[in-house]
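Hello,

Here is the structure you will be taking over. My notes on it follow below.

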Amino acid sequence: INDRYEFPLQLDLDRQNGKYLSPEADRSVRNLYTLHSVLVHSGGVHGGHYYAYIRPTLSDQWLKFDDERVTKEDMKRALEEQYGGEEELPQTNPGFNNSPFKFTKYSNAYMLVYIRESDKEKIICNVDEKDIAEHLRIRLKKEQEEKEQKRKEKAEAHLYTIIKVARDEDLVEQIGKEIHFDLVDHEKVRHFRIQKQLPFNTFKEEVAKEFGIPVQFQRFWLWAKRQNHTYRPNRPLTPQEEAQSVGQLREVSNKANNAELKLFLEVELGLDMQPIPPPEKTKEDILLFFKLYDPIEEKLRYVGRLFVKSNGKPMEILKKLNEMAGFAPDEEIELFEEIKFEPSVMCEHIDKKLSFRGSQLEDGDIICFQKCPQGQNSEECRYPTVPAFLDYVHNRQVVRFRSLEKPKEDEFCLELSKHNNYDEVVESVARHLGLDDPSKIRLTSHNCYSQQPKPQPIKYRGAERLSDMLVHYNQISDILYYEVLDIPLPELQGLKTLKVAFHHATKDEVVIHTIRLPKQSTVGDVISDLKTKVELSHPDAELRLLEVFYHKIYKIFPQHEKIENINDQYWTLRAEEIPEEEKNLGPHDRLIHVYHFMKDTAQNQVQVQNFGDPFFLVIHEGETLAEVKNRIQKKLHVPDEEFSKWKFAFLSLGRPEYLQDSDIVSSRFQRRDVYGAWEQYLGLEHSDNAPKRSYAANQNRHTFEKPVRIYN
């Protein structure tokens, strides 16, 4: 409620014999109160914002507390401006005699705090630390310390390096769960914040403490980003590098940024699972990482790493791999090299008889292996081989489907592949919805910028793949909108859908109909179809179709015009009965356009603004304005009192020439060389009641726009 409500600076509750005090109030004290603070709500029922005016010491200086901003304010702001009610806007054109514009103030007092004068000293006193509750003191102190710590870290950041240490345990933890490609997500491994001038060997002691791996059993590898965008351990640190300080070390492929260093910690375990010194590594030794794929479970997991000789062959390590996998020693297995995964997966079969060097394997490479597919019934597996599975993982896409009628709510999710074609996508949706005919599904893409459905739906087979449906400029969304049509989409696309507003001849209403006809149909076909749906004033009534744009009639459609190119997106198609008087035009009768208008004085320029529903009128030769007015008043059912305020003008190219009752109207409409019929019209100048719909409805029903009903 924003009505005006005043409140005083001082409130005397002893007045009228204390009638506003509760029965148990203390009458022995003087109940005189002084305003201490005003809490303000700005906004409406559905949302808004709170702020407060407070004078902490009851001095004349008020302070405004608005979120984190505190400003000094004068008393008028805190009191009078918070009473609510209406406010007048300052006059923009003082010379004009226009009435001041009033609007309701949407911010005003919501709660008041008064302090009793006799208790003022107790309440308005300094707060010291012991007045603050202990749990708050502890919390504030902790927040302060954390803030200080962060500030210190930021200031000293250039003195430190973040070292991210990945271990076998991380690979076991992540591969097959959080990641499938490469080896590790470095953000999720243990981070150490180490001073740059610290010797690397001192850092190793820190690692020993953290992981329980003695320094002599640790070997660290540098990672490198390869040209194909994969990220692999590249080579072990040399003793010379380990003798340097942390700040001098940097990644092989990273010449500049040494704010962080990524390392792989290699730890060899003996038979008793205790750490042993790392084996010597020569140029001939290659460090390979192994992932195992199970086609039945559709699972990939990390099983370990091995050093192999570059001139050795995979044949020689098959037993070892079977042992790592928990298979029988002579199980037939297939080996594949995971080469890259961006932009597409590259995973190639490895020839077991060819040397590792011959297969171009090097330090940090990944071999995925599995039981031979023919050994098990590969028919029952969706992805019988490693490449098929990796391809599936790389291209799988969970899509959130929303009904086009409720474009803000996710209705269901489906796991699809970015490579699914149009038919596969709509079949998945139809299956989920329990629909027999997938061609009745119509999909619409998502606009990532407006967060809304795109205005045009996807045509039948109009997108090659799911990935094409989800892309919007350079962004990829995971949302699609669906609708279930009453006829198959290919059939619908052969039809043209038009929204036609039918204006009833006698009833004061407009009904919007959706007309669906084959694209090669004509306007005549639209009218025939419409006749079966609307209520006519008499059975033989004839209809016509008009194009209305910004309250002007631009065109009467010829019956034979094809509907394929008619656009109902931006302008209104209006259908109406042809009045009897228009059918029997005499040789000197004229059919003219009649539009409602008002004058808008924007920037000191008089602009004519049209509004309401335009219409045609027959004028007879020699007819005066008084006679024409009479017919217009009857046609529009305007009460005399209101109609007396209307002015009538002849408008040509937007300039009004006002007419007198005795003027012969037809004499103005003689020129034939105008750009089109709408360039000349009879204008009815009066105020537009339409925007104040609720007010107008209470006063009278003449908003000159009829009420609308929609039939789909």
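Rings of Phe, Tyr and Trp (its six-membered ring) count as a pair if their centres lie within 6.5 Å; planes under 30 degrees apart make the pair stacked, over 60 edge-to-face, and the rest tilted. Ring pairs of this kind link Phe192, Phe200, Phe203, Phe211 and Phe220 into a cluster.

Some background before the rest. This is a predicted model, in which local features need pLDDT of at least 70 and side-chain atom pairs count only at pLDDT 80 or more, while totals for chains, interfaces and linings use all residues. Residues are numbered from 1 along each chain as its sequence is written, and side-chain values use heavy atoms, with hydrogens and water left out.

The chain as a whole

The protein chain has 17 helices and 38 strands; helices (H or I, at least four residues) and strands (E, at least two) are DSSP runs, numbered from the N terminus. Of the 712 residues in the protein chain, 42% are buried, where buried means under 20% relative accessible area, exposed over 50%, and partly exposed in between (1.4 Å probe, protein chains only). The accessible surface of the protein chain comes to about 41900 Å², and 50% of it belongs to carbon and sulfur atoms; the areas come from the Shrake-Rupley method with a 1.4 Å probe, and for residues only the protein chains shown count as cover. Taking contacts (heavy atoms within 4.5 Å) between residues at least 6 apart in sequence, 61% join residues at least 24 apart.

Aromatic rings

The ring rule gives a count of 27 aromatic pairs. In one of them, Phe289 and Tyr302, the ring centres are 6.4 Å apart and the planes stand at 35°, so the pair is tilted. Phe289 belongs to strand β16 (residues 285-294) and Tyr302 to strand β17 (residues 299-309), and the pair links parts of the chain 13 residues apart. Phe289 is buried at a relative accessible area of 0%, and Tyr302 is buried at 5%.

Phe401 and Phe412 form a stacked pair, at 5.2 Å centre to centre with 20° between the planes. Phe401 is in strand β21 (residues 396-403) and Phe412 in strand β22 (residues 412-417), so this pair ties together parts 11 residues apart in sequence. Phe401 has 0% relative accessibility and counts as buried; Phe412 is buried at 8%.

Two rings have a charge over the face, meaning that NZ of Lys or CZ of Arg is within 6 Å of the ring centre and within 35 degrees of the ring normal. Lys64 lies over Tyr51, 4.5 Å from the ring centre. Arg167 lies over Phe211, at 3.8 Å from the ring centre, and Phe211 is also part of the cluster described above.

Two loop residues

Asp363 sits in the loop between β19 (346-349) and β20 (365-371) and is buried, with a relative accessible area of 17%. The side chain of Asp363 reaches the backbone nitrogen of Leu287 at 2.7 Å. Beyond its neighbours within four places in sequence, Asp363 is in contact with residues including Trp221, Arg226, Lys281 and Leu287.

Thr230 is in the loop between β11 (219-225) and β12 (231-236) and is buried at 0% relative accessible area. The side chain of Thr230 makes a polar contact with the side chain of Asn228 (2.7 Å); a polar contact is a pair of N or O atoms within 3.5 Å, and within protein one must be able to donate a hydrogen and the other to accept it, with residues adjacent in sequence counting only if both atoms are side-chain atoms. Leaving aside neighbours within four places in sequence, Thr230 is in contact with Asp182, Ala224, Lys225, Ile339, Lys340 and Phe341.

Regards
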